Amino acid sequence: MGKVTGFLEIDRQELKYQPASDRIRHFKEFTLPLTDPEVERQAARCMDCGIPFCQSDAGCPVDNQIPDWNDLVYRQDWQDAARNLHSTNNFPEFTGRICPAPCEEACTLNIENTPVAIKAVEQAIADKAWDAGWITPQPAGRSTGKSVAIVGAGSAGLAAAQQLARVGHEVHVYERYARPGGLLRYGIPDFKMEKGIIDRRAQQMEAEGVLFHYGANIDADGLRALVDKHDAVLLTTGAERPRDPGLPGVELEGVHYAMPFLVQQNRRVGREPFDDMPIVASGKHVVVIGGGDTASDCIGTSIRQGALQVTQLDIRPMPPVRENKDIVWPYWPTKFRTSSSQAEGADREFAAATLEIIGKNGRATHVRCARVDPSRRPIEGTEFDIRADLVLVAIGFSGPLLDTYLKAYDFSLDGRTNIAANTDDYRTNVDKVYAAGDVRRGQSLVVWAIREGRQAARAIDLDLMGETTLPR
């Protein structure tokens, strides 16, 4: 695959960014793309490694045929590479931008810490396919006479909708917001992915026959109506219930969960109105509680809004700079990583437990912390305070919102309150109703949501038609 000796002759080349001093002044994407020859050289590094762990579940949940399209790019057959890439992934321009690239961690060359730049190649293929006009609507040649309702227009819902429409089903997508994308649009900042990328996919899907219903907040009565009206209903509403930090002082003014903060800013950028009181970091000392991607997005957004100082609290100890390959590879390792947002000027506190939020006159002023032992228990005598005018809680999600359409039926839930359904048929315990994505598996990556949406579409098509041509 690629050039036989490419991995020996060509160094790994990573994507570069606009300088932090420039990119923090706007909310647009700031990654500097590689030239076509540079991408082709990176693709040439893909070696004939025998077992391509990059496309296994450890590396790529949608089973992208990575060595194949690397080879095609190396041979400058970009159009066939785009065709190959889309055969497993409906939205490679999404994953090429925001996926953390477990495929690169699973790359055989990562044993030497020089993996193939798979993510950069994927984004380059997808962007070139759009620019060249290779991505066009693919409407079904016939109608099956069956209709499917999908509740939620996030990654899983969009992937399922496109797959089902392309085999001839009438697909209706019900989305409570004014535009499609779910957390892709309202949770992920524009500096990581501009939302016109979602809009052009939605336009393609509309041309394929998908019917979008925006502003449709499906409650219990609404779900029962959908079940009565359609031949199948797929729930892809995500995991939106934030984890409760259980901290004294969370009721103080200036303390917010991460998502309302991010959603507001994305709506500002998208020129969408909102009725909530504005949450802004301008001129404030911001403390972000949590060490994941959402916390990082809060950091980048706060800096762009003009925060005076941003501090991130992570209860985990500082991880090693390099993982032990003999123990971890090809799986996702725990190691020290610095996101582009963190590199823009955040202070990071590791092994720091949040004890309480301190306030004055009903408003947050400080966050009290303590160092933790290996069991993450606070160590007495290590307490310290951090000034905080704005506290953003970004410690993850517990599952789907429960006081919603879930009351329509006695849904079986798993131990984490996600809707119970297996990955063979994605059926819930309610007849005609399926579940996929984060609402089923819990909070996860966009690439996993796309995988589940595709697989659920196949299961639904098989149940409705008795056979299916959709891939698993």
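Modeller: Buried means under 20% relative accessible area, exposed means over 50%, and partly exposed lies in between, with a 1.4 Å probe and protein chains only. This is a predicted model, in which local features need pLDDT of at least 70 and side-chain atom pairs count only at pLDDT 80 or more, while totals for chains, interfaces and linings use all residues. Residues are numbered from 1 along each chain as its sequence is written, and side-chain values use heavy atoms, with hydrogens and water left out.

Colleague: Is Asp373 buried, exposed or partly exposed?

Modeller: Asp373 forms a salt bridge (a side-chain nitrogen of Lys or Arg within 4 Å of a carboxyl oxygen of Asp or Glu) with Arg377, and their closest N and O atoms are 3.5 Å apart. Its relative accessible area is 22%, so Asp373 counts as partly exposed.

Colleague: How many residues apart are Arg179 and Glu272, a pair that links distant parts of the chain?

Modeller: The side chains of Arg179 and Glu272 meet in a salt bridge at 3.8 Å, N to O. Helices (H or I, at least four residues) and strands (E, at least two) are DSSP runs numbered from the N terminus. Arg179 sits in the loop between strand S4 and helix H10, whereas Glu272 sits in the loop between helix H13 and strand S9, and the separation is 93 residues.

Colleague: How many disulfides does the structure hold?

Modeller: A disulfide is a pair of cysteine sulfur atoms within 2.5 Å. Cys99 is buried at 13% relative accessible area, but its sulfur is 6.2 Å from the closest cysteine sulfur, in Cys103, which is too far for a bond. Cys107 is also buried, at 8%, and its sulfur is too far for a bond as well, at 6.5 Å from the closest cysteine sulfur, in Cys54. The number of disulfides in the structure is 0.

Colleague: How many of the 20 residues of H17 are buried?

Modeller: Helix H17 covers residues 446-465 and reaches 28 Å from its first C-alpha to its last, close to the 28 Å expected at 1.5 Å a residue, where the expected span is 1.5 Å times one less than the number of residues. Just after H17, Gly466 takes a positive phi of about 80°. H17 is mostly covered, and the count of its buried residues is 16.
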